[in-house]
There are 4 protein chains.
Amino acid sequence: MRFLSDNAARVHPNVWEAMRAADAGDAPYDGDALSQRLDEAFSGLFGREVAVLWVATGTAANCLALSAMVPPHGGVVCHREAHIEMDEGGAPGFYLHGAKLMLADGEGAKLAPQAISAVIDPIRDDVHQVQPHAISITQASEYGRAYRPDEIAAIADLARSRGLGLHMDGARFANAAAFLGLSAAQAAGDVDALSFGCVKNGGMTAEGIVFFDPALADVVRYRRKRSGHLQSKGRFLAAQLLAMVEGDLWLDNARAANAAAQAITEQAKQRLMHPVEANEVFIRLNPDEREVLRGIGYQFYDWGADAARFVASWDSDLGEARALGQAIADL
Amino acid sequence: MRFLSDNAARVHPNVWEAMRAADAGDAPYDGDALSQRLDEAFSGLFGREVAVLWVATGTAANCLALSAMVPPHGGVVCHREAHIEMDEGGAPGFYLHGAKLMLADGEGAKLAPQAISAVIDPIRDDVHQVQPHAISITQASEYGRAYRPDEIAAIADLARSRGLGLHMDGARFANAAAFLGLSAAQAAGDVDALSFGCVKNGGMTAEGIVFFDPALADVVRYRRKRSGHLQSKGRFLAAQLLAMVEGDLWLDNARAANAAAQAITEQAKQRLMHPVEANEVFIRLNPDEREVLRGIGYQFYDWGADAARFVASWDSDLGEARALGQAIADL
Amino acid sequence: MRFLSDNAARVHPNVWEAMRAADAGDAPYDGDALSQRLDEAFSGLFGREVAVLWVATGTAANCLALSAMVPPHGGVVCHREAHIEMDEGGAPGFYLHGAKLMLADGEGAKLAPQAISAVIDPIRDDVHQVQPHAISITQASEYGRAYRPDEIAAIADLARSRGLGLHMDGARFANAAAFLGLSAAQAAGDVDALSFGCVKNGGMTAEGIVFFDPALADVVRYRRKRSGHLQSKGRFLAAQLLAMVEGDLWLDNARAANAAAQAITEQAKQRLMHPVEANEVFIRLNPDEREVLRGIGYQFYDWGADAARFVASWDSDLGEARALGQAIADL
Amino acid sequence: MRFLSDNAARVHPNVWEAMRAADAGDAPYDGDALSQRLDEAFSGLFGREVAVLWVATGTAANCLALSAMVPPHGGVVCHREAHIEMDEGGAPGFYLHGAKLMLADGEGAKLAPQAISAVIDPIRDDVHQVQPHAISITQASEYGRAYRPDEIAAIADLARSRGLGLHMDGARFANAAAFLGLSAAQAAGDVDALSFGCVKNGGMTAEGIVFFDPALADVVRYRRKRSGHLQSKGRFLAAQLLAMVEGDLWLDNARAANAAAQAITEQAKQRLMHPVEANEVFIRLNPDEREVLRGIGYQFYDWGADAARFVASWDSDLGEARALGQAIADL
């Protein structure tokens, strides 16, 4: 009855199997056969040439990708509630050497061109003010909302017209793609780099950074080592990513998690804070109600004073999810 | 016939088993039961209260530990051939925000008080010169040499008398302890923080940072997150470290690797560049000789123009090691 | 008819004279007799032991002071419109190595305990969120508003109770003290460090950092050199600061500037955006009206779409100031 | 009888005069008429289009210039005794965000292609080692040695062939040009950026950064502000630089200083540690001998255990200089 976080879920058996298969000694770092296969595997997935690097965490993926787009004296536009602003312990400040996060508003923690312009248009082009160099969006957003292709395209147009890089935090990228019924290429749109989530989706210790511009990867290779993220037995990370994308596991797992989230939602629609478009469910619950649910055995995070966040995982039990929805309805 | 690197070795079965046992969902990050057990397990190992944090790599372990001892305007004395100077892609500059590595000499890549003094004594105590704030030594050294307890004590005395922190890079700490027949406490001596190697010693993706001064750990907890090293399924890293130290696996594996290194050495003594006190063997070999060995199927790194480095692992085959020694003798 | 900025004003004759007197060669950097006299002179001014360092700019003064209070993984609470957030080109990110500015609201660009608490109270004490380490306030504020002693005391109490450092940006400190009729000690209150403005107040190239906690100065001495702000002919900077404080020049100049600001205001009271408590006057003026004033020859900055900022200096002509007020009244 | 440092010398009357003329209020920062004239004045001096920024110190000039050539994960080759390595309090680590100084050897603190190659050739092009991105040389060197045009050309060729930037620290650039009888263009050669010294040569608080590649200046404009080096009364810095180069003052002052250095040398040739090619004189003197000279009233720095450094300035008295040489000869 654990709906605390997809971070706490189990590792998928296919991932375990791929890791076991990687055990036999190979070249260290990313010189092994599996790491060498990543570019090809992801190029297949996205239908165009990409370069892919593994790292251990989404924080590292996001910040390394951005570090190749933004000089220390620059800035990154992101949502006021983006993970890079709220939950990474200041990692963007570290990886970008003091560059600035420029906070924009938007319903459901999503950005739109107008909100981005509201942040960057007032910035005078002089040295007294930090200049924007990139935009970062999150697919699915912090509130489990999915960007539609036309929404991404509009932001990408803006980015291009202003000479800004475009990064996508895809910690729950698969959930967005599954919800929208889109291919990986469609769900990513025309971004320059994507943090491709794996750990929350049945992986163990690997996330991918997908570079649609290979010149960025050439910089990040050095930055990855410099940040202590070039693991010496990298084959075990590559194995996880390959297990995810060489079949449809990434989508299958996301569909399962999404289905469990919908199962929670069914009986609890009127309490929803946000439409459920991925595997996160935000529900209005006062402290007493949360107490009741915890008494039954449900685990979840409080979300401010009068709400709670429930996160379904690839291994969530549908029956449990429905029972949770019913328990909420019964409050 | 792989003697390229202990980085490329397999993961020990006990480690696999401990990781499998950690699969069942638990709290994310380091809130899980295994991560919570680390302090106690390592306090037992070292016979005094320590605080322990897992990270993915030795580079991260070294640099995070040092970052708590050295302000951005300070310096760290280390050997001219130390890993932090030679092989971490500039990570100390990143993690220490531009602090300076101050390079000392010493036989076998080991430091001694005199060599340290030769570096720091000429530094005027004024703002024009970077002031030292810490010393970093490597156990076993880059050339597989082990510090004896009295050698560490002499350096620790110097550090204390100058108000410097003392860090030990223990990527091959177990090998040194095994070679010298010392307890963990003896092999570490009176350092402030130790990077406790696990990956090269049969682990997969976890290294430990052992803080003998818990105030340092309180800083590094924030820095670990900030550097993207707080993994969300941290229980799998904790499991690896616990598997290493809750039995004698860390020593058993190191003994096996050391024995294989000695087996290589037996027939090749006269070509040794350094006494073999851990699992690395540096042997004088000209290019033609190296070619011959590679033709047989041995894998290893060149070490400059006229030598080679062979590294034995916990899973090295003793017979293969002896055969390698014989092949060298036969050249 | 220049009311663009006190940054553009002339250098006061006393300052020139003091600089000329400093010409005769002396020890370089801050080893000269004048630099050595700063601590004593400012200790006299503030009625307690202080350590004082000269630097070239307010940006350097602010950021160096904060760099001694805030670790790279920490944060600084400041007003959303503070100079460090809006006008220093990202210098806090540089000097604090990526630490975060935490933006609070407050009328007239002033902070109050409640507004600070609104920012820091929701921050969970865990590693996922940046923790505050200091508060920075501006005396007089960006809108020319002066903190009263009880207001500073309330903020200082909050800072102390939360273990936060307290910094005061005093680019127009003298104007606030002059307006309130306070001593330097009263106008600073119980802050840990003060950026003591001189350039806008009749100086040329020197600002002072006043440390009420000498341990902070000991760190900043190194950071000043490291940031390229230890000038080799520092005696010329020390001379400027001494000229300001060894008489009452700092107050006399501020009084003159304040009087000119009041002279502008007299006829234009109904258009004021903020009470005038220093030398800045913010006046509601639409683009046509601004055009008219510029046609007459007045120089000033636009302040958003429908306002303008006029800044008086120590050398502003009172008659011109009154004429400007009249011109505004005549619109 | 002051030969301690040209840093301690007086400000030249022409510089004073230019500064006085700049007093009348003008636009703040670098919007004033004098700052706007810099590019043209220096383009005239160098006979090609250059962009010039003023800063307060040579440390800031050097580090800002390099920061536009070297990414945080890169390195700069410089001499082991270069000012950026020895005397800037770690400023390169700060301004380059942890990039690495790569130390090369060379007689008289000068670099040559072979010495540079000895440092960079062994660096494997992989992510474990920091890669060089620039070379920094000093004209005249730390030991007062001047690079000849062919020497600079050889280094520039190497730099270009390796894709490295080339920076020249010209704290005593004028002294080198004067000694060699070269134009500014010849003394700089084909570098990308030059720190053009002014303070040691009769200036007060201004150094110039001359960018032969204007794209570098466009980056440094932002970095200058971000480092707190955009002074608000910048016209006083511009005035100093213009006074230096709009006549031949920069050369005249350097010739005077050089002549005084030669005057010291005449009688003391056999004790010279280095040929005197600028305004610094390094002389072998044991502690007793130094005591004698100090007893007479001479001021200078010890240089290690058995030598001393005497620096002549534009305002050194030739008679005093000769008398010093005689006093040394008399020892």
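Buried area is the accessible area, taken with a 1.4 Å probe, that two parts lose on being put together, summed over both. The structure described here is a predicted model, in which local features need pLDDT of at least 70, side-chain atom pairs count only at pLDDT 80 or more, and totals for chains, interfaces and linings use all residues. Residues are numbered from 1 along each chain as its sequence is written, chains are lettered from A in the order in which they are written, and side-chain values use heavy atoms, with hydrogens and water left out.

**The interface of chains A and B**

The size of an interface is often given as the accessible area lost when the parts come together. Between chain B and chain A about 3900 Å² is buried, and 57% of this lies on carbon and sulfur atoms. Chain B and chain A each bring 50 residues to the contact, where contact means heavy atoms within 4.5 Å. On the side of chain B, the residues that lose the most area to chain A are B:Trp16, B:Phe94 and B:Lys233, which together make up 20% of what that side buries.

Chain B is superposed on chain A by a rotation of 180 degrees with 0.0 Å of shift along its axis, at an RMSD of 0.0 Å; the superposition is by least squares on the C-alpha atoms of residues with pLDDT of at least 70 in both copies. The two copies are therefore related as by a two-fold rotation axis, and the same surface serves both, since 100% of the contact residues of chain B recur in chain A.

**The interface of chains C and D**

Chain D is likewise superposed on chain C by a rotation of 180 degrees with 0.0 Å of shift along its axis (RMSD 0.0 Å), and 100% of the contact residues of chain D recur in chain C. In chain D, the residues losing the most area to chain C are D:Trp16, D:Phe94 and D:Lys233, together 20% of what that side buries. The table sets out the two interfaces, with a salt bridge taken as a side-chain nitrogen of Lys or Arg within 4 Å of a carboxyl oxygen of Asp or Glu.

| Chain B and chain A | 50 residues from chain B, 50 residues from chain A | about 3900 Å² | 57% | zero salt bridges |

**Two helices of chain B**

Helices (H or I, at least four residues) and strands (E, at least two) are DSSP runs, numbered from the N terminus. In chain B, the axes of helix α11 (residues 235-245) and helix α12 (residues 249-266) come within 5 Å and cross at roughly 75 degrees. The contact involves B:Ala243, B:Met244 and B:Val245 of α11(B), together with B:Leu249, B:Trp250 and B:Asn253 of α12(B).

Most residues other than glycine have a negative phi, and most peptide bonds are trans. C:His97, which is not a glycine, has a positive phi of about 55 degrees.

Definitions and conventions. Axes are lines fitted to C-alpha atoms, for helices over the stretch in contact, and angles run from 0 to 180 degrees between N-to-C directions.
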